[in-house]
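Please look over the sequence and the model first, then read on.

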Amino acid sequence: MSGRARFAWALVVGLLGHALNRFPVELVPGIDILLGFFLIIPAAPLLGPWCAGLAAGIATSVTVQMWGHPWGMLVSMMEGVVLGALTRRYWPLQADGLFWLGGIPYLIIVGNHVGVDVTATSTLAIALKQALNSLVPALLTQVVLMTPMARARLWPLLTPALRTFTLSSAVGSALLLALVLPLLMVGTLEGRARYAAERRRMDDQGLSTAHLLAETVDAELSTAQSQTALLASLVMNWWEREGERPPQPQLENLLRDWVYHSAFALNFGIGDSDGNLVAIWPPLGVEAQPMAGSNFADRSYFRDVRGKREPVVSGVFAGRGSVTGPVMVAVSPLLRQQRFEGFTLVAINLPRMRAVAQERLAPGQRALLVDPDGNVAFDTGATPGPEPRSLKGTALGELLSTLPATGTRTYDTEPQAPRCGGPWRRGTATAPLFQPGWRVLVEHPMRDMDFSVIGTYSALLATLALTLVLAIPITRLLTRMLSRPVEAVSQAAGRMAAGERDVRTFGTLHRAGAIEVEKLGLAFDEMAARLQRHLEEVERVSQAKAAFFSIASHELKTPLATLKLRLQRLRPDTVRQQDLVLMDRQVDRLARLVNQLLDVSELASGRLSLAQVPLELSALVRRVSERRAASAPQHQLKLSLERVDGWWDEPRLEQVVYNLVDNAIRYSPEGGPVEVVLRREDGDALLEVKDRGVGLGPRGGEELFSRALRGSTLSTISRVEGLGVGLYLSREIITRHGGSIHRRPARAAAPAPSSACPGTTRARRDVHTAHGSTGGTSGQGRGKEGAATCVSRNKPRPRSSW
């Protein structure tokens with residue numbers, strides 16, 4: 001898919017995801033699942049990192065409005081980019097799991113340090129929700145991408161990591177999805193039930209507290225009304241008895257006694273029919289000014305008591321004179337012969353009433369006393385101001401206007417605030433007073449529900465974690481049941497590739513169970529049988545070929561031997577001496593070639609045998625080296641030999657020494673020295689052949705000892721004769737002696753490793769061959785005296801002579 005096509009698809013996926021995200025699914029109250037992730041997660045491995053990040057940003061841009069901050073959108077964009085990159089090597093569930101190992105700490109840090117007004121528990125709930133919002137679509141995407149239909153249609157878009165999967169991973173993913181979805185549904189229903197139960201508990205607690213406070217306030221107001229009515233009765237009795245209203249000093253004494261014996265009153269007062277205050281105690285106001293003579297005719301409570309001529313309780317108003325701040329009073333009329341002569345009043349102690357209410361609240365609760373006009377008499381969650389606070393025009397005032405006298409409801413203190421678990425969401429419970437229109441309201445923030453949400457999520461995640469733990473052994477069991485027959489076929493194919501011929505998958509007694517897998521095994525067994533018959537035929541042909549080479553070699557040896565014998569009997573006066581030398585050399589060459597062909601044939605057929613006898617190795621090395629060097633006088637031969645006794649096959653070792661020395665001479669420039677070293681080293685024999693040859697270029701190592709490999713970087717020699725099997729034969733001979741042979745640079749230190757002989761640990765013999773840094777060859781051979789036990793256990797091990 002081209003870059004433009006990917007970009008276009010990213011826009012389409014982003015817009016569709018944006019539309020789906022506008023209709024979130026509520027998992028539990030306050031926690032929503034965005035459906036757009038079910039498009040974003042599958043798009044990540046198909047569109048690549050940057051297009052997936054673009055699609056995620058467009059789809060989750062709706063969260064800026066929902067939550068009031070861009071961090072959720074940024075996390076989704078990062079998830080799209082990282083998921084698009086990781087799915088090049090991992091499957092979606094693995095990639096998304098790796099991302100959220102760092103994503104959840106990131107969300108917690110962001111939520112607590114960038115000014116998002118949420119609690120730590122709410123931040124954790126949001127982080128867990130977003131992780132769950134991604135992991136479920138990732139698991140679903142992984143299962144879908146393993147289906148044949150999806151793979152056939154999306155194959156060109158699949159990354160290399162998504163093009164192959166194991167049977168166990170497919171079964172595990174499908175089983176995990178089958179377990180997670182029902183458990184997620186059950187966990188969600190259980191979480192909603194727990195949330196609802198917690199909500200009912202908090203509502204019941206709020207209603208209980210509201211009714212308790214309503215009873216307390218009713219008792220206070222009733223007491224205040226009774227006190228003013230009793231005070232009015234005393235004053236009117238004096239008035240009737242004396243025929244005049246009591247004088248101010250006597251009234252103040254009476255009021256003083258009432259104030260001192262009343263805990264709910266701020267002050268007591270008596271006024272006349274015009275609203276003038278005749279007497280009050282305490283007599284002085286807040287500015288130490290006498291309050292007697294003040295006129296309260298403008299107060300609504302004065303008009304109410306004069307009109308109704310019965311005790312009343314005022315609404316909340318701003319105090320003046322003796323009380324500052326919100327105040328409410330209880331008032332009773334002074335009636336003389338049904339004529340209004342004045343009033344008695346008591347200013348109710350709202351601060352004390354607020355303190356009593358505070359003592360009756362549960363932690364986190366807030367209580368308000370609201371009069372019929374919507375004014376707040378006291379608020380346990382706020383400090384009283386100079387003026388009474390009105391709820392009209394506020395979210396709480398609108399809620400109260402629609403609430404019944406007794407009930408619970410949730411409201412937003414800031415209707416335009418983002419819904420991200422902040423303190424704006426509150427629950428309320430109301431209870432009425434006996435006074436008409438008065439209410440007690442108990443309020444609690446919904447952040448107290450965070451603990452229930454976290455508990456719900458903890459239970460849900462614990463359930464999912466338990467599912468994963470249980471899914472592992474179940475998946476392994478089911479996978480073994482399904483994949484064991486397939487693995488049997490795979491293992492049989494591997495054994496066949498390793499060289500076994502009579503390999504069968506099921507045999508005659510075992511069956512796979514599933515008819516499809518059984519047919520596969522039977523077809524493989526039939527193929528293995530046919531292949532075995534074919535290989536046996538190939539071996540017979542190969543053996544016939546080896547026999548042919550053997551016969552041809554023997555047939556060639558006979559005339560060559562006769563020719564050499566006849567040439568040796570010719571008289572010098574009939575043939576020139578140089579011709580005889582040349583003919584003799586060519587015959588030797590033909591003999592070596594034929595012997596090499598015979599040896600290769602015997603190696604191929606496995607008939608090359610060794611006849612080991614006691615042998616002093618230095619004499620053999622000297623004899624062979626000098627014989628070969630005699631035909632190359634332009635090269636200088638240097639011998640450094642120590643006596644080494646042991647058990648070896650003398651003819652075969654002569655071949656090895658001759659091949660190494662011959663190789664060094666033929667691949668060295670004229671006049672180049674050839675050095676042969678034989679010494680004992682740590683109880684072993686080590687043979688080195690060194691030269692200053694033309695080099696092998698980039699080739700060397702084990703390839704040097706393969707069949708028909710010869711040096712190609714010849715700068716001083718135009719043509720080198722031979723079949724290229726000398727070092728191959730040398731390696732096989734040394735290996736059959738239980739040793740090894742290798743090349744190394746001329747200036748490098750001599751290697752020290754040695755390998756145990758097959759079938760025994762009593763003795764070993766290693767041979768090493770290496771081309772020097774200038775292209776020559778050197779051979780190193782190691783062997784303990786009495787090393788015959790490396791080859792034949794029938795021969796006794798002699799004593800070491802050194």
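## Basis and overall make-up

This is a predicted model, in which local features need pLDDT of at least 70, side-chain atom pairs count only at pLDDT 80 or more, and totals for chains, interfaces and linings use all residues. Residues are numbered from 1 along each chain as its sequence is written, and side-chain values use heavy atoms, with hydrogens and water left out.

The protein chain has 19 helices and 21 strands. Helices (H or I, at least four residues) and strands (E, at least two) are DSSP runs, numbered from the N terminus. Of the 802 residues in the protein chain, 46% are buried. Buried means under 20% relative accessible area, exposed over 50%, and partly exposed in between (1.4 Å probe, protein chains only). Among the contacts in the protein chain with a separation of 6 or more, 65% are between residues 24 or more positions apart; a contact means heavy atoms within 4.5 Å.

## Helices H1 and H3

Two packed helices are described by the angle between their axes and the distance between the axes. Here, axes are lines fitted to C-alpha atoms, for helices over the stretch in contact, and angles run from 0 to 180 degrees between N-to-C directions. Helix H1 (residues 3-21) and helix H3 (residues 49-59) have axes that come within 7 Å and cross at roughly 25°. H1 is therefore roughly parallel to H3. Angles under 35 degrees count as roughly parallel, over 145 as roughly antiparallel, 65 to 115 as roughly perpendicular and the rest as oblique.

The crossing of H1 and H3 is right-handed. A crossing is left-handed if the near helix is turned anticlockwise from the far one by less than a right angle, and right-handed if clockwise. H1 contributes Arg6, Phe7, Ala10, Leu11, Val13, Gly14, Leu15, Gly17, His18 and Asn21 to the contact, and H3 contributes Cys51, Leu54, Ala55, Ile58 and Ala59. By class, the contact of H1 with H3 has 10 nonpolar, four polar and one charged residues. Ala, Val, Leu, Ile, Met, Phe, Trp, Tyr, Cys and Pro count as nonpolar, Asp, Glu, Lys and Arg as charged, and the others, Gly among them, as polar.

Serine 173 is in helix H9 (residues 167-242). Serine 173 is buried, with a relative accessible area of 6%. Not counting residues up to four places away in sequence, serine 173 touches Leu139, Gln142, Val143 and Met146.

H9 also packs with helix H10 (residues 248-260) at an angle of about 155°, their axes 12 Å apart. H9 and H10 are therefore roughly antiparallel to each other, and H9 passes H10 in a right-handed crossing. In this contact Gln227, Leu230, Leu231, Leu234, Val235 and Trp238 of H9 meet Gln250, Leu251, Leu254, Leu255 and Trp258 of H10. By class, the contact of H9 with H10 has nine nonpolar, two polar and no charged residues.

## Aromatic pairs

Rings of Phe, Tyr and Trp (its six-membered ring) pair if their centres lie within 6.5 Å; planes under 30 degrees apart count as stacked, over 60 as edge-to-face and the rest as tilted. By this rule the count comes to five aromatic pairs. The rings of phenylalanine 302 and phenylalanine 343 have centres 5.5 Å apart and planes at 70°, so this pair is edge-to-face. Phenylalanine 302 lies in helix H11 (residues 300-308) and phenylalanine 343 in strand S9 (residues 339-348), so the pair ties together parts that are 41 residues apart in sequence.

Both phenylalanine 302 and phenylalanine 343 are buried. Ring pairs link Phe302, Phe340 and Phe343 into a cluster.

## Loops and backbone features

A cis peptide bond, with omega about 0°, joins tryptophan 281 and proline 282. Proline 282 is in the loop between strand S4 (277-281) and H11.

Glutamine 337 is in the loop between strand S8 (329-336) and S9. Its phi is near 60°, a positive value in a residue other than glycine, and glutamine 337 is exposed at 69% relative accessibility. Glutamine 338 is found in the loop between S8 and S9, with a positive phi of about 60° although it is not a glycine. Glutamine 338 is exposed, with a relative accessible area of 63%.

Valine 370, in strand S10 (residues 366-370), is buried, with a relative accessible area of 6%. The C-alpha atoms of valine 370 and valine 440 are separated by 6.4 Å, although the two are 70 residues apart along the chain.

Eight of the 11 residues of helix H19 (residues 726-736) are buried, so H19 is largely enclosed by the rest of the structure. Just after H19, glycine 738 takes a positive phi of about 90°.
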